[in-house]
Amino acid sequence: MKTGGVVAMLGLAAVVAGPVLAQKTAPQGWLLQEQVMSGINDLTLAWYAPGSGDVLAAFNCQKGYSDVVFTAYTDRPKAGTKAAKLALKNGMQHVVMEAISGDMHGRYSVGGIPSFQSELVDLLKGPFTILVDGVEVGRFSTTTAQKEFDRIIAACPPRAARN
């Protein structure tokens, strides 16, 4: 799973960077991008920092498949350490993932591979916090992009919900 996760995270970096680099102004906030390549529909919902257009967090999945790659871009940890746990939290709700971390295009990223099970879907109905090894690295709101969240969740349903 770790090798697949790293490959998926590298693919996410290319998917997120490609269309954005072609834009003349930096995007900001949540942006849903869909790309169809060889009959596979990739969906990426990413948060772009106002001003810089840097991606700070992103969800990526392929339509019809339940695994979701979640990636957070953070400060580099102390030398010789690697992130072990990545969590999304909204109040008492939380989803914890084994962390996959490393450098991507000159930025440090921490990712995990959950699926849109009910716990994650419920968590994404409001503001959420990203934690890496228990330390908060970002807070995000879904209220301005609930349609985009609904779209990616519907496209990549949990295994039990697929027809």
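Cys61 is buried, as is Cys156, where buried denotes under 20% relative accessible area, exposed over 50% and partly exposed the range in between (1.4 Å probe, protein chains only). The model is a predicted one, in which local features need pLDDT of at least 70 and side-chain atom pairs count only at pLDDT 80 or more, while totals for chains, interfaces and linings use all residues. Residues are numbered from 1 along each chain as its sequence is written, and side-chain values use heavy atoms, with hydrogens and water left out.

The two cysteines, Cys61 and Cys156, are joined in a disulfide with an S to S distance of 1.9 Å; the criterion is a pair of cysteine sulfur atoms within 2.5 Å. The structure holds 1 disulfide. The torsion about the S-S bond of Cys61 and Cys156 is about 75°, so the disulfide is right-handed. Because Cys61 lies in strand S3 (residues 55–62) and Cys156 in the segment after helix H3 (146–155), the pair ties together parts that are 95 residues apart in sequence.

The chain contains 3 helices and 10 strands, taken as DSSP runs numbered from the N terminus (helices: H or I, at least four residues; strands: E, at least two). From the N terminus on, the order of elements is α-β-β-β-β-β-β-β-β-α-β-β-α. An open sheet is formed by 6 strands in the order S1-S2-S3-S4-S8-S7, with antiparallel pairing; two strands pair if DSSP finds at least two bridges between them. S1 and strand S7 (100–104) are the edge strands, each pairing on one side only. From one strand to the next, the twist averages 20°. The antiparallel pairing of S1 with S2 extends over 9 bridges, and Gln33 stands opposite Thr44 in S2. H3 lies across S1, S2 and S3 and runs at about 150° to S2; axes are lines fitted to C-alpha atoms, for helices over the stretch in contact, and angles run from 0 to 180 degrees between N-to-C directions.

Asn41 is placed in strand S2 (residues 40–48) and, at 14% relative accessibility, counts as buried. Not counting residues up to four places away in sequence, Asn41 touches Glu34, Gln35, Val36, Cys61, Gln62, Lys63 and Arg151, contact meaning heavy atoms within 4.5 Å. Gln35 belongs to strand S1 (residues 29–37) and is partly exposed, with a relative accessible area of 24%. Gln35 and Gln62 are separated by 27 residues in sequence and by 9.6 Å in space, C-alpha to C-alpha.

The largest nonpolar core comprises 32 residues, and those with the most contacts inside it are Phe59, Phe70, Leu88, Phe116, Phe128 and Ile130. Such a core is a set of buried Ala, Val, Leu, Ile, Met, Phe, Trp, Tyr and Cys residues joined through side-chain atoms within 4.5 Å. H3 gives the most to this core, with 4 residues. Apart from this core lies another, of 6 residues, among them Val55, Ala58, Tyr73 and Met104. Beyond four places in sequence, the residues touched by Leu88 include Phe59, Phe70, Met97, Leu120, Phe128 and Ile130.

Of the 163 residues in the chain, 45% are buried. Among contacts with a separation of 6 or more, 54% are between residues 24 or more positions apart. The chain exposes about 8800 Å², of which carbon and sulfur atoms supply 56%, with areas from the Shrake-Rupley method using a 1.4 Å probe and, for residues, only the protein chains shown as cover.
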